[in-house]
Amino acid sequence: MIEAIIPIIYISIFPGFIFLTIYSTLIQWLDRKLTAIMHNRVGPPIYQPIADFIKLISKEVIIPENSDILMFKSLPYIAIASIIVSIIMIPVYSNNAIISFSGDIIVVLYLLTIPTVTFFLAGWSSTSPYSLIGSMRVMTQLFGYEIPLFLSIAGPAILAGSWSISDIAKYFTEHPLMILLNIPALIAALLASCGKLERVPFDAPHAKNEVVGGQFTEYSGRLLALFLLSIDIEMVVIAALINAVFLGGVFNLTGIAGFIMFLIKTLFVCLIFILLKVAMARVRVDQLIKFSWKYLVPLSIIQILINIYIKLN
């Protein structure tokens, strides 16, 4: 009986839904607060993200007349479920993930691609011209950032000699100087992640001054709240993945000490995302694709070649 309950606790409480919701809500507030301060504004109180979420889930869900009702309603749940499942394979309170196996990094990257596909389908199924434009921008950006993101993560995996996230984190714990060697790939991963999260300067899919609300234009109520929450949670999960693959995870710490280290390092990664958002202006989708393939892909490939050379010698 207890063995059957433990996986449910992992998924629903820690490090699953409840923990990710609380942490991502805090990150969202920090994002809005620091952005406001840098813009010389006051910014929202700490409870504002929670108040916004409660306000949204209390509103009516309006479904477009010609949309696919089943798809329209189910997409937010699919997005948030795939993100939550991925955290189980990423180290949180030690360098041993709850579920770890050879190739789990590929599974995590696959799971983190599903939300992007749901964003595209959300706009496509909404039968709104604004949503359709937003969804096409989502899919176009996918071709820009996905390859450099995968290649940048492949470099540390080759150096560690494993496709397991836990093993990669352990390798960089044992060889901390190798973290410095992978800084070029880390930069590529951070920039590609900004595109994946649709954050400035890569927020063209939901640019409000161009396409109203992008792929989510026709969404309202709890469905919109879940989509927005999934984006916030995805930011935390990607920060956790970057921490494990590039920054040595929580080093040799375990338990509470390891968890505190996890919070500090993922918060650091999220702060980089926030600073990039404030410091840069929006770019067009074609500019993102050109930048990704012209600079990020070669940078990631060079990192892979360097790591292969070091591994062989």
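I take helices (H or I, at least four residues) and strands (E, at least two) as DSSP runs, numbered from the N terminus. The model is predicted, so I note that local features need pLDDT of at least 70 and side-chain atom pairs count only at pLDDT 80 or more, while totals for chains, interfaces and linings use all residues. Residues are numbered from 1 along each chain as its sequence is written, and side-chain values use heavy atoms, with hydrogens and water left out.

Entry one: cavities. On a 1 Å grid over the protein atoms alone, a cavity is a set of points where a 1.4 Å probe fits but cannot get out, and its lining residues have an atom within 4 Å of a point. Points are joined across faces, edges and corners, and a volume is the space filled by probe spheres set on them. I searched the whole structure and found two cavities of 30 Å³ or more.

I found α5 (104–124), α6 (129–160), α9 (183–196) and α11 (221–246) each giving at least two lining residues, with the largest share, three, from α11. Among the lining residues are Leu 109, Ile 153, Ser 193, Lys 196 and Ile 242. By class, the lining has seven nonpolar residues (Ala, Val, Leu, Ile, Met, Phe, Trp, Tyr, Cys, Pro), one charged (Asp, Glu, Lys, Arg) and one polar (the others, Gly among them).

Notes: 1 Å grid on protein atoms, 1.4 Å probe; cavity = no way out; pocket = protein on both sides within 12 Å on 5 of 7 lines; lining within 4 Å.
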